[in-house]
Each structure stands twice: as C-alpha cells, then as structure tokens.
Amino acid sequence: QVQLVESGGGLVQAGGSLRLSCAASGLTFSAYGMGWFRQAPGKEREFVAGINWSGTSTTYADSVNGRFTISRDNAKNTVYLQMNRLKPEDTAVYYCAKDFNPYASLVRRAAAMFDSWGQGTQVIVSS
C-alpha cells in the first residue's frame, strides 16, 4: 500500500527556513503528481504547493508564492518543500499527498484530487 512519511518539521523563528521531506513507498512515484497541504489549529486544511509527475510544473498558494519551493527527486521517491522567510502564520501541521491520477496533465490544488496522505509534520514559527 502507499505510504507517505513527512519529516523536517520543527520550531523556527520568524524569517527562518525549514525544508520538509516526504518519502513515498508502495507506488510508482514518478507517475504521480504530489502536493503539500497544511492545517492550522481551528482552521481547515489548505493547499500549499503542488508539482506534476515529472517535476516540470509547479503551483503555489498565493500566501506562500515566492517564499516556498516544491521539488521532487524521482530517483529517491521523495518530494520536498523548501520554506524560506517563514512567518508565524505558517504555523501548521504540513501534509504531503499523492494525486489520484497517474500522469495527470494538470497540477492539482483541490484536496479531493489526492487519495493518499502522510501523517503530517508540525511546523511552528515563533515571532
């Protein structure tokens, strides 16, 4: 079965950086687009960034565009989220997720289009 395991979260001061990783197993990783989502306390889960199966196309939420970068290494079955210039409002549990459809032509943003999820990694940004 598909397993997605996030790592790299932690406590960081505002303005700092973190890199999240999501290691995938149980699937042909290179065939699927991947996404990062986050959920802050008392809020709904929201889209953060997505990347297509080949890594040639990405999309970002407006709130993180220009600060976060999603990338993938298909040889390592891993997707990354580089987070720079972090803000307290970036505090959340971050989840990676797998697109339900292989070789999708579009990079997904809607949570309903992702069918496997990791357990999440906590990011806390202090002011």
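Is Lys98 buried or exposed? I begin with that residue, and the answer is that Lys98 is buried, with a relative accessible area of 5%. Please keep in mind throughout that the structure before you is a predicted model.

Along the principal axes, the C-alpha atoms fill a box of roughly 40 × 30 × 25 Å. Of the 127 residues, 46% are buried. The chain exposes about 6,300 Å², and carbon and sulfur atoms supply 48% of that area. As for contacts between residues at least 6 apart in sequence, 59% of them join residues at least 24 apart.

I turn now to one of the sheets. Four strands make up an open sheet, in the order S1-S3-S8-S7, with antiparallel pairing. S1 and strand S7, residues 68-73, stand at the edges with a single partner strand each, so one side of each is left without a neighbour in the sheet. From one strand to the next, the twist averages 15 degrees.

S1 and strand S3, residues 18-25, run antiparallel and are joined by five bridges. Within this pairing, Gln3 stands opposite Ser25 in S3. In a regular strand the side chains alternate between the two faces of the sheet. Strand S1, residues 3-7, has a covered face with Leu4 and Glu6, while Gln3, Val5 and Ser7 are on the uncovered face.

The remaining topic is charge. Side chains of opposite charge can pair when their charged atoms come close. How many salt bridges does a search of the whole structure find? It finds five.

Lys98, with which I opened, takes part in one of them: it forms a salt bridge with Asp115, and the closest N and O atoms are 2.8 Å apart. Lys98 lies in strand S9, residues 92-102, and Asp115 in strand S10, residues 114-117, so the pair ties together parts that are 17 residues apart in sequence. Lys98 is buried at 5%, whereas Asp115 is partly exposed, with a relative accessible area of 43%.

Asp99 forms a salt bridge with Arg108, with 2.9 Å between the closest N and O atoms. In this case both Asp99 and Arg108 are buried.

Which residues do salt bridges that share partners join into one network? They are Arg38, Glu46, Arg67 and Asp90. Within that group, the side chains of Glu46 and Arg38 meet in a salt bridge at 2.6 Å, N to O. Arg38 counts as buried because its relative accessibility is 5%, which is under 20%. Glu46, at 35% relative accessibility, counts as partly exposed.

Technical notes: Residues numbered from 1 in each chain as written. Predicted model: local features only at pLDDT ≥ 70, side-chain atom pairs only at ≥ 80, totals over all residues. Heavy atoms only, no water. Salt bridge = Lys/Arg side-chain N within 4 Å of Asp/Glu carboxyl O. Buried < 20%, exposed > 50% of the residue type's maximum accessible area, 1.4 Å probe, protein only. Helix = DSSP H or I, 4+ residues; strand = E, 2+ residues; numbered from the N terminus. Pairing = 2+ DSSP bridges. Contact = heavy atoms within 4.5 Å. Areas by Shrake-Rupley, 256 points an atom, 1.4 Å probe, with all protein chains shown as cover. Axes fitted to C-alpha atoms, helices over the stretch in contact; angles between N-to-C directions.
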